Amino acid sequence: LSDTQLGAHVDIGRRFGEDKQFGVRVNGAYREGDSAVDDQEKQAQSAAIALDWRGERARVSADLYMTTDHVDGPTRGVTLASGVDIPSVPDPDTLLNPSWAYFETQTKGAIGRAEFDINDQLTSYASMGVTKWNYDGLSADNAQISNTDGDISTTVGYVGDDNERQSFEVGLNGQFQTGNIGHQIAVNATRYEEEYNLYAARFRGVSVDTNIYDPVWGSRPDLDLNPPLLTATDTE
């Protein structure tokens with residue numbers, strides 16, 4: 001079963017209670033296997049659960065989810081130096097990145113919302129959401145073909161991103177009638193927070209010279225990590 005991706009997916013939902021006021025839904029997927037390129041493997045997984053409750057005047061819901069994607073030996077592509085003719089295409093199975101290269105992304109999140117009907121004309125609500133995203137990657141990048149023999153020069157490095165976001169919202173929605181005239185009202189307050197960390201690194205011995213027809217990358221070298229770059233956003 002070479003060059004095959006195998007996986008499974010499940011999606012189950014049901015409501016409970018005398019009036020079906022409780023609801024739950026579970027969704028999950030998993031996939032893993034080889035790609036069409038030698039020494040390249042891919043894995044993906046996701047999971048989510050949704051919960052809700054519906055009362056006579058109140059409604060509450062919550063959603064939680066997680067996704068992960070991982071690739072060993074990612075393909076980043078190459079560029080052509082100015083004035084160089086396009087060389088012959090290498091074997092489609094050729095991996096133009098070290099087999100020890102990889103990238104992984106992961107996302108986690110939670111969302112909650114509550115509503116309450118104060119009366120038939122006025123509804124209050126509040127919601128909150130939190131998500132965290134991570135990227136972790138180690139690979140050759142900016143590869144450039146320098147001649148028709150297929151010689152390439154590239155750099156190898158590591159990048160890590162860490163991003164967290166939070167949002168909050170409260171408000172009122174309503175409608176009422178004065179004589180033959182209808183009115184709608186809406187009052188809303190929001191807040192958004194974001195924090196972003198960037199970790200960048202280059203290997204000792206940044207430059208790598210090899211060939212697209214017979215790439216040789218050597219063993220994985222040690223990292224020189226740079227201090228993280230931190231940015232933050234806070235809005236209301």
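## Exercises on an all-strand chain

Among contacts in the chain (heavy atoms within 4.5 Å) between residues at least 6 apart in sequence, 66% join residues at least 24 apart. The model is predicted: local features need pLDDT of at least 70, side-chain atom pairs count only at pLDDT 80 or more, and totals for chains, interfaces and linings use all residues. Residues are numbered from 1 along each chain as its sequence is written, and side-chain values use heavy atoms, with hydrogens and water left out.

**Exercise 1. Describe the secondary structure and the surface of the chain.**

Step 1. Helices (H or I, at least four residues) and strands (E, at least two) are DSSP runs, numbered from the N terminus. The chain has zero helices and 11 strands.

Step 2. Accessible areas come from the Shrake-Rupley method with a 1.4 Å probe; for residues, only the protein chains shown count as cover. The accessible surface of the chain is about 14,900 Å², and 52% of it belongs to carbon and sulfur atoms.

Step 3. Buried means under 20% relative accessible area, exposed over 50%, and partly exposed in between (1.4 Å probe, protein chains only). Of the 236 residues in the chain, 26% are buried.

**Exercise 2. Work out how E3 pairs with E2 and with E4.**

Step 1. Two strands pair if DSSP finds at least two bridges between them. E2 and E3 are antiparallel, with 13 bridges. Phe22 stands opposite Trp53 in E3.

Step 2. Six residues lie between the strands in the hairpin of E2 and E3, where Asp39 has a positive phi near 65°.

Step 3. On to E4 (residues 58–72), which runs antiparallel to E3 and is joined to E3 by 14 bridges. Arg54 has Arg59 in E4 as its bridge partner. Three residues separate E3 and E4 in their hairpin.

Step 4. A positive phi also occurs at Lys20, about 55°, although Lys20 is not a glycine. Lys20 sits in the loop between E1 and strand E2 (22–34). With a relative accessible area of 48%, Lys20 is partly exposed.

**Exercise 3. Which residues make the nonpolar surface patch, and which strands each supply at least two of its residues?**

Step 1. Patches are made of residues with over 30% relative accessible area and no salt bridge; like charges are joined within 9 Å, and nonpolar side chains (Val, Leu, Ile, Met, Phe, Trp, Tyr) within 5 Å.

Step 2. Val10, Ile12, Val26, Ile49, Leu51 and Leu64 make the patch, which covers about 460 Å².

Step 3. At least two of the patch residues come from each of strand E1 (5–16) and strand E3 (41–54). Val10 belongs to strand E1, and its relative accessibility of 39% makes it partly exposed.

Step 4. In a regular strand the side chains alternate between the two faces of the sheet.

**Exercise 4. How many aromatic pairs are there, and which residues form the aromatic cluster?**

Step 1. Rings of Phe, Tyr and Trp (its six-membered ring) pair if their centres lie within 6.5 Å; planes under 30 degrees apart count as stacked, over 60 as edge-to-face and the rest as tilted. This rule gives two aromatic pairs.

Step 2. Phe103 and Tyr135 have ring centres 6.3 Å apart and planes at 20°, so this pair is stacked. The pair links distant parts of the chain, 32 residues apart: Phe103 is in strand E6 (residues 102–117) and Tyr135 in strand E7 (residues 122–145).

Step 3. Trp133 and Tyr135 are also stacked, 6.3 Å centre to centre with 20° between the planes.

Step 4. Phe103, Trp133 and Tyr135 therefore form one aromatic cluster. Phe103 is partly exposed at 25% relative accessibility, and Trp133 is partly exposed at 30%.

How values were computed. A salt bridge is a side-chain nitrogen of Lys or Arg within 4 Å of a carboxyl oxygen of Asp or Glu.
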